[in-house]
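Colleague: Before I plan anything around this protein, could you take me slowly through one part of the model, the place where its domains meet?

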Amino acid sequence: MARSIYLCIFLLLITWIPTPSTSFPLSTKTRWIVDEKGLRVKLACVNWLAHLQPAVAEGLSKQPLDSISKNIVSMGFNCVRLTWPLDLMTNDTLALKITVKQSFESLNLFDDVLGIQTHNPKILNLPIFNAFQEVVSNLGQNGLMVILDNHLTHPGWCCSDNDLDAFFGYPNFDPVIWAKGLGKMATLFRNVTNVIGMSLRNEPRGTRDYPDLWFRFMPKGAEAVHAANPEVLVILSGIDFDTNLSFLRDRFFNVSFTDKLVFEQHWYSFSHEGGAWVKHNSNDICAKIIGEVNHNGGFLLDRGFPLILSEFGTDERGVDVSGNRYMNCLVAWAAEKDLDWAVWALTGDYYLRTGTKHMVETYGVLDATWKNVRNSTYLQKLSGIQHPFRGPGLQEKKLILHPHTGLCVTNNHSGNVPTLRLELCTQSESSTFNPKEGILWVNKMCVETPDVAGQKVKLGVGSKCSKLGQISATKMHLSFKTSNGLLLCLDVDERDNSIVANPCKCLTKDASCDPASQWFKVL
């Protein structure tokens, strides 16, 4: 019951977190995205799809556009990665001569026509592109930044290795037409200040996704966007379904501009070795895959380029063991790097996906009503990475994140003796841990570990400070030995989110064990 009440309070509090005013346009400063004043702007985005067959933003037959935009804000996001098909810029018949109503009727989606008539009558008889503009405009009216993501060529579902538009030179991916389409889109949104970036192409892939073609054509797309709209960020994806940018380690990407260039990377539970998250001990596989993700793209941060984790997510019904374990690992990594990101996806359901009407999107943060949050625990987990920890203009705040909950370690002042608990990271007190000295400090008080498992962890001062160690491959277990030699780790009592000491979990090769409650990421 306490956990449910806490989640309800979280959903109320997150709408009250003030958002500092942002001065547009955005640019880059080493690895950071900054506003016109040079201050850090962290992008915490959600993917909203408008690239499937109707070529209209999903959900508009279920809820008013303004209600969806306000819901995005209430969930703590400040940005939308809005997808679009290239045909929207290269096929004038689709973009300007077919109305929203005609598009849905051609697909026999008559119930959606009635839904849009009810909830969004303003767009029903608009041409497809004008409806797209209405979505961007309404997002801006609600203070939401927009990244325009060219997802594919023709409207439909994406993505497979054998798609005809998988890579440059494939039958449905003419690089010249693509660059012209990008330039046209950039021009049409040139004076729309909340459009802060354009992603050039989603998930290049296939048998030809080798770097030479990427280096040949990606700069042309980047230059086309920048020439048409020099204010927007130009966002480039890698190869292998945008999991791989490693070819940039030894080869320079040459364009005529420098302070607008951003790279993007995707990471799902299935992006690496098949079944890895259930075949291996979570500590070992998390550390291994983080190493791969850093090798394939994370290194760009150290080289002074911003990197957006522009797609990630999992089944929010909680039934996917691999996805659950991967998300805990991902949140820890995203927090450590203080990444900009865009979760997949806003979508409650689809008008039409691969021939199925109203297919539910289990990765969607909204349910099929397009009104209710699908999983408030999942949303709380994301809250731990929605706000910046460091960057230009920010006073760096040291925190210790609990990735499983998205909450941070802080002082519990409610009892006679100070103890540790979890709280929203925006409300947590500063916490530091120096691995060399092994002392965990929370607001100038240090941890005093109990000598018996199951007891709450206290805070004290001076000689009573306990020494903690970081064990396991992830370094996320904070452990200590009792006076009788028992190895214990910091853990969380889910009844009240207090920090307790329990026997350390999952230090063996047992793949069935889940250490999530004992993972603490020092930031």
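Modeller: What follows is a close look at the boundary between the domains, with a short note on backbone geometry at the end.

This is a predicted model, and its chain is divided into domain 1, made up of 37–268 + 289–321 + 338–384, and domain 2, which covers 400–522. The C-alpha centres of domain 1 and domain 2 are 39 Å apart, and where the domains touch, four residues of domain 1 are in contact with eight residues of domain 2. Between domain 1 and domain 2 an area of about 430 Å² is buried, with carbon and sulfur atoms giving 47% of it. On the side of domain 1, the residues that lose the most area to domain 2 are Gln380, Lys381 and Gly384, which together account for 84% of what that side buries. As for specific interactions, three residue pairs are in polar contact between domain 1 and domain 2, while the count of salt bridges between them is zero. The residues on the side of domain 1 that touches domain 2 comprise three polar, one charged and no nonpolar.

Another cis peptide bond runs from Trp344 to Ala345, with omega near 10°, and Ala345 sits in the loop between strand 10 (340–343) and strand 11 (352–353). Asn497, although not a glycine, has a positive phi near 60°; this residue lies in the loop between strand 22 (487–493) and strand 23 (498–503), and Asn497 counts as buried because its relative accessibility is 3%, under the 20% limit.

Notes. Residues numbered from 1 in each chain as written. Predicted model: local features only at pLDDT ≥ 70, side-chain atom pairs only at ≥ 80, totals over all residues. Heavy atoms only, no water. Domains from an automatic or database assignment. Contact = heavy atoms within 4.5 Å. Buried area = accessible area lost by both parts, 1.4 Å probe. Salt bridge = Lys/Arg side-chain N within 4 Å of Asp/Glu carboxyl O. Polar contact = N/O pair within 3.5 Å; in protein donor to acceptor, adjacent residues only side chain to side chain. Nonpolar A, V, L, I, M, F, W, Y, C, P; charged D, E, K, R; others polar. Helix = DSSP H or I, 4+ residues; strand = E, 2+ residues; numbered from the N terminus. Buried < 20%, exposed > 50% of the residue type's maximum accessible area, 1.4 Å probe, protein only.
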